[in-house]
Amino acid sequence: MYEKILTKASSAGIFECGLIKTSQLNFRDDIRKICEENSCHSYGKSWACPPAVGTLEECKERLLRYENMLVFTGKYDMDGQFDFEGWGKSMKDFKKLVWKFDEELEDLKDSLPGYLLLWNEGCGVCKECSYPDAPCRFPEKMHHSLEGYGLWVSELARLAEVKYNNGPNTITYFGALLY
Ligand code: SF4
């Protein structure tokens, strides 16, 4: 199955990926605290982030129903350190990459029942999120954020043996497939 998933990841345009066991995951309260500090402005503003995703314990329980986590990345070129336009575009491109991966996985649905995809930092599908007044408008497009599950991305990179940083003038985003 792993080989088939890798083929799909490659077709989707995923830059790099590595497999870990969910038993290796460290669900960190301090990472959830960073969410609460709200430097990304998504805390309490999106169905994709805490507190909407549940408590740390609930997130942990949700992920531990799966045995495997494929950690994957998208890598994007930036025009220098202050390329805010490039930063915004690459963030959108990464979300599109996750959707493409999801589409590719359609063929493997019978072998990957109930798989779960996580992405990074909030949602951004709608101009304004419906949270908390109404249900998510596009639950099939929305994915929870890795950080909201108390996962430290650089630790995931180390465990999965994928690069956290791909060099100057690039930005690397992380997602995960649970199966
Ligand atoms: S799809 Fe829209 S409503 Fe749902 S979490 Fe994303 S921004 Fe909010």
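Biologist: Cys136 lies in the loop between S3 and H5. Why does Cys136 count as partly exposed?

Modeller: Its relative accessibility is 23%. Buried means under 20% relative accessible area, exposed means over 50%, and partly exposed is what lies in between, with a 1.4 Å probe and protein chains only. At 23%, Cys136 therefore counts as partly exposed. This is a predicted model, in which local features need pLDDT of at least 70 and side-chain atom pairs count only at pLDDT 80 or more, while totals for chains, interfaces and linings use all residues. Residues are numbered from 1 along each chain as its sequence is written, and side-chain values use heavy atoms, with hydrogens and water left out.

Biologist: What does Cys136 touch, and how far is its C-alpha atom from that of Cys126?

Modeller: Setting aside residues up to four places away in sequence, Cys136 touches Trp47, Ser130 and Met142. Contact means heavy atoms within 4.5 Å. The C-alpha atoms of Cys136 and Cys126 are separated by 9.6 Å, and the two residues are 10 apart along the chain.

Biologist: Why are H1 and H4 called oblique to each other?

Modeller: Helix H1 (residues 2-12) and helix H4 (residues 84-105) pack at an angle of about 135 degrees, with axes 9 Å apart. The axes are lines fitted to C-alpha atoms, for helices over the stretch in contact, and angles run from 0 to 180 degrees between N-to-C directions. Under 35 degrees is roughly parallel, over 145 roughly antiparallel, 65 to 115 roughly perpendicular, and the rest oblique. H1 and H4 are therefore oblique.

Biologist: Which residues of H1 and H4 meet?

Modeller: From H1 come Ile5, Lys8, Ala9, Ser11 and Ala12, and from H4 come Leu97, Lys100, Phe101, Glu104 and Leu105. These contact residues divide into six nonpolar, one polar and three charged. Ala, Val, Leu, Ile, Met, Phe, Trp, Tyr, Cys and Pro count as nonpolar, Asp, Glu, Lys and Arg as charged, and the others, Gly among them, as polar.

Biologist: Glu104 lies in helix H4. Is Glu104 buried or exposed, and how do you know that?

Modeller: Its relative accessibility is 15%, so Glu104 counts as buried. Apart from neighbours within four places in sequence, Glu104 is in contact with Lys8, Ser11 and Ala12. Other buried residues of H4 include Met91, Phe94, Val98 and Phe101. The cover over the buried residues of H4 includes H1, strand S2 (68-77), strand S3 (116-118) and strand S4 (170-178).

Biologist: What is buried in H5, and what does it pack against?

Modeller: Val153, Glu155, Leu156, Ala157 and Ala160 are buried in H5. They pack against strand S1 (16-21), S2 and S4.

Biologist: How do you know that the peptide bond from Pro50 to Pro51 is cis?

Modeller: Its omega is near 0 degrees. Pro51 lies in the loop between helix H2 (29-37) and helix H3 (56-63). The bond from Tyr131 to Pro132 is likewise cis, with omega near 0 degrees, and Pro132 is found in the loop between S3 and helix H5 (153-160).

How values were computed: Helices (H or I, at least four residues) and strands (E, at least two) are DSSP runs, numbered from the N terminus.
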